[in-house]
Amino acid sequence: MKKEKTMRVTSIGGQALMEGIMMRGPKKTTMGVRKSDGSIELEEIHPLNLTQKYKLLRIPVLRGVANMIDSLVTGNRALMRSADKAMEGIETPEEEMSKFDKWLDKHFGEKMVSFIMGAAMVLAILFCVAVFFFVPTLLFNLLASAFPFLNDYIIWRSAFEGILRIILFLVYMGLVTLNKDVKRVFQYHGAEHKTIFCYEHGLDLTVENVRKQIRFHPRCGTSFIVLMLIVGIIIGLFIPFTNVWLRSSLKILLLPLTVGVGYELIRICGKHDNVITRIIAAPGVWMQHITTKEPKDDMIEVAIAAMKDVIPENGEDIIR
């Protein structure tokens with residue numbers, strides 16, 4: 001099937017939230033959330049905008065690191081805020097609460113959801129560092145002790161570590177999809193992509209038009225993560241150390257370079273549509289079969305509301 005070309009490419013991007021979507025335009029960032037009463041509430045989110053504040057951070061590669069930090073901080077803030085809004089008006093009967101739930105409610109009250117999500121994120125970061133940096137190196141060392149010839153070429157080590165990270169990422173994403181709440185977030189993720197595609201095709205932002213679009217977008221954060229994993233394999237070729245702690249620590253220190261190069265690649269894929277960019281974007285687009293799901297119409301409505309609120313009148317968001 002011939003690939004349908006977009007009429008234009010916008011700089012507007014988004015992020016799926018709890019029962020909502022955050023859309024980030026060139027001048028404004030808006031979070032749209034479907035509340036428990038069925039209404040859609042829009043709220044402006046104020047990102048860090050590091051590249052706008054500091055000219056040095058606009059340099060290629062550095063801007064990738066800056067945007068990564070900005071996205072993590074702003075995205076986490078919006079995610080916790082959306083969870084609070086989505087839970088407004090929903091109360092759990094005291095008799096159904098566990099002792100731990102009662103303790104959290106007593107000490108954190110309305111901020112309980114934010115506390116839980118914040119703690120979960122810290123644990124997730126620690127888990128990812130352990131699994132994605134230390135475990136692959138440790139396993140290869142164990143394998144190399146049984147088959148010494150594997151130490152003859154660094155490419156074997158780097159390829160093994162990189163492919164194992166990708167496999168672990170696939171397994172992790174597949175498992176979290178089994179959770180119904182995560183699945184809904186992935187549906188909102190699909191709604192975000194479809195809405196952006198609808199806008200890029202120059203169509204009116206209606207539920208019917210958005211529904212017809214595909215849900216796989218080359219500028220997706222999922223594609224960015226996959227590109228980082230692939231870039232990490234290449235960077236690993238230039239790290240000669242075999243010690244688990246030394247090699248893993250150096251990879252962590254080189255993470256800004258991995259992020260920066262991955263960002264530049266995803267930026268190129270978002271601006272250009274040719275054979276080379278399609279090959280580069282292909283692994284990430286394939287991964288989106290897991291991280292995006294077909295949305296329901298009420299989810300599309302939230303995406304449209306957030307999208308309309310960030311589209312500038314002068315068209316300055318159009319980059320192609």
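This is a predicted model: local features need pLDDT of at least 70, side-chain atom pairs count only at pLDDT 80 or more; totals for chains, interfaces and linings use all residues.
Q: Is the crossing of H8 and H10 left-handed or right-handed?
A: Two packed helices are described by the angle between their axes and the distance between the axes. The crossing of H8 and H10 also has a hand, and it is right-handed.

Q: How many residues of the contact of H8 with H10 are nonpolar?
A: From H8 come Ser223, Phe224, Leu227, Met228, Val231, Gly232 and Ile235. They meet residues of H10, including Leu255, Val259 and Ile266. By class, 4 residues of this contact are polar and none is charged. The nonpolar residues number 12.

Q: Is serine 223 buried or exposed?
A: Serine 223 has its place in helix H8. Its relative accessible area is 2%. Buried means under 20%, so serine 223 is buried.

Q: Which residues does serine 223 contact, leaving aside its neighbours within four places in sequence?
A: Serine 223 is one of the H8 residues that meet H10. With those sequence neighbours left aside, its contacts are His217, Pro218, Ile266, Gly284, Val285 and Gln288.

Q: What is the angle between the axes of H10 and H11?
A: Helix H10 spans residues 255–271, and helix H11 spans residues 275–291. Their axes come within 9 Å. The two helices are oblique to each other, and their crossing is left-handed. The angle is roughly 125 degrees.

Q: Which residues in H11 meet Leu265, Ile268 and Cys269 in H10?
A: The contact of H10 with H11 has 5 nonpolar residues, 1 polar residue and no charged ones. On the H11 side, the residues are Thr277, Ile280 and Ala281.

Q: Which element gives the most to the largest nonpolar core?
A: The largest nonpolar core has 20 residues, and Leu205 is among those that touch the most other members. Strand E2 (20–24), helix H6 (180–200) and helix H12 (297–310) each give two or more residues to this core. With 8 residues, the element that gives the most is H12.

Q: Which residues does leucine 205 touch, not counting those up to four places away in sequence?
A: Leucine 205 belongs to the largest nonpolar core. In soluble globular proteins, nonpolar side chains tend to be buried together. Beyond its sequence neighbours, leucine 205 touches Thr195, Cys198, Tyr199, Ile304, Met307, Lys308 and Ile311.

Methods
Residues are numbered from 1 along each chain as its sequence is written. Side-chain values use heavy atoms; hydrogens and water are left out. A nonpolar core is a set of buried Ala, Val, Leu, Ile, Met, Phe, Trp, Tyr and Cys residues joined through side-chain atoms within 4.5 Å. Buried means under 20% relative accessible area, exposed over 50%, partly exposed in between (1.4 Å probe, protein chains only). Helices (H or I, at least four residues) and strands (E, at least two) are DSSP runs, numbered from the N terminus. Contact means heavy atoms within 4.5 Å. Axes are lines fitted to C-alpha atoms, for helices over the stretch in contact, and angles run from 0 to 180 degrees between N-to-C directions. Angles under 35 degrees count as roughly parallel, over 145 as roughly antiparallel, 65 to 115 as roughly perpendicular and the rest as oblique. A crossing is left-handed if the near helix is turned anticlockwise from the far one by less than a right angle, and right-handed if clockwise. Ala, Val, Leu, Ile, Met, Phe, Trp, Tyr, Cys and Pro count as nonpolar, Asp, Glu, Lys and Arg as charged, and the others, Gly among them, as polar.
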